[in-house]
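Thanks for making time this morning.

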Amino acid sequence: MPQPSKTCLARPIYVVQKHSARTLHYDFRLESGGVLKSWAVPKGPSTDPRDKRLAVPTEDHPLDYAEFEGVIPRGQYGAGTVLVWDLGTYRLLGGRDAPPASLDDALDRGRAAVWIEGKKLRGGYTLLRTGGAGEPRWLLIKMNDAGADPGRDPVKNEPASVLSGLTIEDIAERR
Ligand code: MN
């Protein structure tokens, strides 16, 4: 019989990793089905409900990658520097008429609403599928709730790791 893991008992993981690779982006990840579903957000998440941040789906990552911070050597997948920009848990928000059974179910329908409890980001966020067939594109949008703050701009003003307090430059130089 499989042992229940810690992640079965707790709320699923939410993490954003700042990733300085060929281009700088923010990897937005949500635990589902034993992996981290992932999107690359070039401008990073916003706390302003008027912003629609492009989120490009990327490969699922293993759960233990959520706390990875450091330098990925040249020649390897994702080569560059990674910083844990935000970390916490999330829960799936239900629609009024037909609540999604899981995050994967919501994503299949093209709209997932989640409640995030991170150190930097809090409250509701919507992932909305857009773009044409064969080229999936999503928009990441802050809901208008107590966690919304148009003037805050955390990507610009709160750059440090929530794990180490380091900046991406600190991590790159520390190797
Ligand atoms: Mn990345």
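Predicted model: local features only at pLDDT ≥ 70, side-chain atom pairs only at ≥ 80, totals over all residues.

**Strands and the metal site**

Strand 1 and strand 2 run antiparallel and are joined by seven bridges, where strands are DSSP runs of E with at least two residues, numbered from the N terminus, and two strands pair if DSSP finds at least two bridges between them. Residues are numbered from 1 along each chain as its sequence is written, and side-chain values use heavy atoms, with hydrogens and water left out.

Strand 1 and strand 2 make a hairpin with three residues between them, and Ser20 stands opposite Leu24 in strand 2. Strand 1 also pairs with strand 6 (residues 80-92), in the antiparallel sense and over eight bridges; there, Val16 has Asp86 as its bridge partner. Seven of the eight residues of strand 1 (residues 13-20) are buried, so this strand is largely enclosed by the rest of the structure, buried meaning under 20% relative accessible area with a 1.4 Å probe and protein chains only.

Which residues coordinate the manganese ion? They are His19 through ND1, His25 through NE2 and Asp27 through OD, at 2.1 to 2.3 Å, donors being N, O and S atoms within 2.8 Å of the metal (3.2 Å for Na, K and Ca); water is not among the atoms, so sites may look incomplete. Their spacing in sequence is H-x5-H-x1-D, and both His19 and Asp27 are buried.

Terms used:
Buried < 20%, exposed > 50% of the residue type's maximum accessible area, 1.4 Å probe, protein only. Helix = DSSP H or I, 4+ residues; strand = E, 2+ residues; numbered from the N terminus.
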